Amino acid sequence: MKGKSWYQEIPNATRYDTKRFSKGGSLIDSHEKQIVTNFIDTIDGKKILDIACGTARFSLMLADLGADVVALDISEPMIEIGKNKLGQSSHAGDLTFLHADAGNLPFEDSSFDIILAMRFFHLTPIPMYFFLEFLRVAREKIIFDTFNKYSARSFYNWLLPMGSTLHDRSYISRLLSSVDMTIEDSHQDFIFPYGIYRNLPLSIAKPIRSIDSSAVSTSIGQRVSTVSYWSVSL
Ligand SMILES: C[S@@+](CC[C@H](N)C(=O)[O-])C[C@H]1O[C@@H](n2cnc3c(N)ncnc32)[C@H](O)[C@@H]1O
């Protein structure tokens with residue numbers, strides 16, 4: 001599985017937040033946090049498992065909003081960085097970190113209201129293997145994202161240090177129906193590569209984001225968007 005060892009390397013873990021979510025990348029971070037909160041009706045009091053939590057950007061936000069969160073990742077360095085952010089957060093809800101494998105969750109069936117797995121499925125060509133495990137521990141909803149095959153990413157994917165598995169959206173839809181999961185909501189976004197945002201100062205990235213948002217709202221833009229965000233209910 002891609003990323004299982006990559007994120008265990010301390011330099012990769014240390015650079016994760018700055019490389020992806022500083023400068024114009026902060027627009028991606030804030031947008032993704034908005035998508036996740038939009039997908040959950042009431043966060044306060046929910047029991048949420050943040051799978052592949054990385055440096056805990058979603059775990060901290062959800063705990064701040066009153067959820068009881070278990071933040072799980074296979075990389076101890078990524079978890080350590082997340083733990084170091086605890087001081088910056090009010091976390092009204094509980095937040096527990098756990099070193100474990102997403103494919104073998106150490107929980108009983110139906111332990112969580114919501115399963116969140118952001119930026120995880122691009123690491124695996126076999127999403128079904130993980131879906132079944134997520135489904136086992138979920139009670140209400142599973143939220144995740146995928147990188148799309150028919151997008152600009154397919155042109156530069158091979159240049160990335162790890163590359164990503166790009167999924168066909170119709171394949172994901174079929175996979176979800178095959179396990180009787182209903183797509184409650186989905187959202188397509190970002191035609192321009194993430195790298196453009198990350199490498200530009202925020203002031204320049206903002207107008208680019210406006211152009212990107214307008215373009216992605218067209219029917220062609222929807223079809224060539226880079227990321228799909230999915231909310232599926234049980
Ligand atoms: C791209 S990061 C995403 C982090 C976070 N969800 C976010 O959106 O910022 C991918 C994470 O998946 C974790 N990971 C990879 N394989 C895993 C596995 N089998 N079980 C749990 N975590 C895994 C990596 O350690 C890394 O922290």
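Helices, meaning H or I runs of at least four residues, and strands, meaning E runs of at least two, are taken from DSSP and numbered from the N terminus. With that convention, helix 3 is followed by G66, which has a positive phi near 100°. I will come back to helix 3.

First, the ground rules. This is a predicted model, in which local features need pLDDT of at least 70 and side-chain atom pairs count only at pLDDT 80 or more, while totals for chains, interfaces and linings use all residues. Residues are numbered from 1 along each chain as its sequence is written.

Seven strands form an open sheet of mixed pairing, in the order 3-2-1-4-5-7-6. Two strands pair here if DSSP finds at least two bridges between them. Strand 3, residues 95-99, and strand 6 are at the edges with a single partner strand each, so one side of each has no neighbour in the sheet. From one strand to the next the twist averages 15°. For angles, axes are lines fitted to C-alpha atoms, for helices over the stretch in contact, and the values run from 0 to 180 degrees between N-to-C directions.

Take strand 7, residues 227-233. Six of its seven residues are buried, so strand 7 is largely enclosed by the rest of the structure. Buried means that 20 or more other C-beta atoms lie within 10 Å of the residue's own; exposed means 12 or fewer, and partly exposed is in between, with C-beta atoms placed from the backbone. On one pairing, strand 5, residues 138-147, runs antiparallel to strand 7 and is joined to it by seven bridges. In that pairing K141 stands opposite S233. Strand 6, residues 182-189, is also antiparallel to strand 7, again with seven bridges. There, D185 has S231 as its bridge partner, and I183 has V232.

At strand 2, residues 68-73, five of six residues are buried. Strand 1 and strand 2 pair in the parallel sense over five bridges, and D50 is partnered with A71 in strand 2.

What packs on these strands? Helix 4, residues 76-84, lies across strand 2 and strand 3, and runs at about 165° to strand 3. Helix 7, residues 169-178, packs on the sheet and touches strand 5, strand 6 and strand 7; its direction makes about 10° with that of strand 7. Contact between two residues means C-beta atoms, placed from the backbone, within 7 Å.

Back to helix 3, residues 57-64. Seven of its eight residues are buried, namely R57, F58, S59, L60, M61, L62 and A63. These buried residues pack against helix 2 (25-39), strand 1 (47-51), strand 2, helix 4, strand 3 and strand 4.

Next, the core. Which members of the largest nonpolar core touch the most other members? Of its 54 residues, they are I51, I115, L116, A117 and F120. A nonpolar core is a set of buried Ala, Val, Leu, Ile, Met, Phe, Trp, Tyr and Cys residues joined through C-beta atoms within 7 Å. Leaving out residues up to four places away in sequence, L116 touches V36, I48, D50, I51, F58 and I143.

The ligand. Around it are 19 residues, of which Y7, A52, G54, S75 and A102 come nearest. A residue is near a molecule or strand if its C-beta atom, placed from the backbone, lies within 6 Å of it. The shell has 10 nonpolar, four polar and five charged residues. In that scheme Ala, Val, Leu, Ile, Met, Phe, Trp, Tyr, Cys and Pro are nonpolar, Asp, Glu, Lys and Arg are charged, and the others, Gly among them, are polar.

Some backbone details. Most residues other than glycine have a negative phi. S110 is not a glycine, yet its phi is positive, about 55°. S110 sits in the loop between strand 3 and strand 4 (112-117) and is partly exposed, with 13 other C-beta atoms within 10 Å. R119, also not a glycine, has a positive phi of about 55°. The loop holding R119 is between strand 4 and helix 5 (127-137); R119 is partly exposed, with 19 other C-beta atoms within 10 Å.

Last, P201, in the loop between helix 8 (194-198) and helix 9 (202-216). Is P201 buried or exposed? With 9 C-beta neighbours inside 10 Å, P201 counts as exposed. Apart from neighbours within four places in sequence, P201 is in contact with K23 and G24. The C-alpha atoms of P201 and I40 are separated by 31 Å, and the two residues are 161 apart along the chain.
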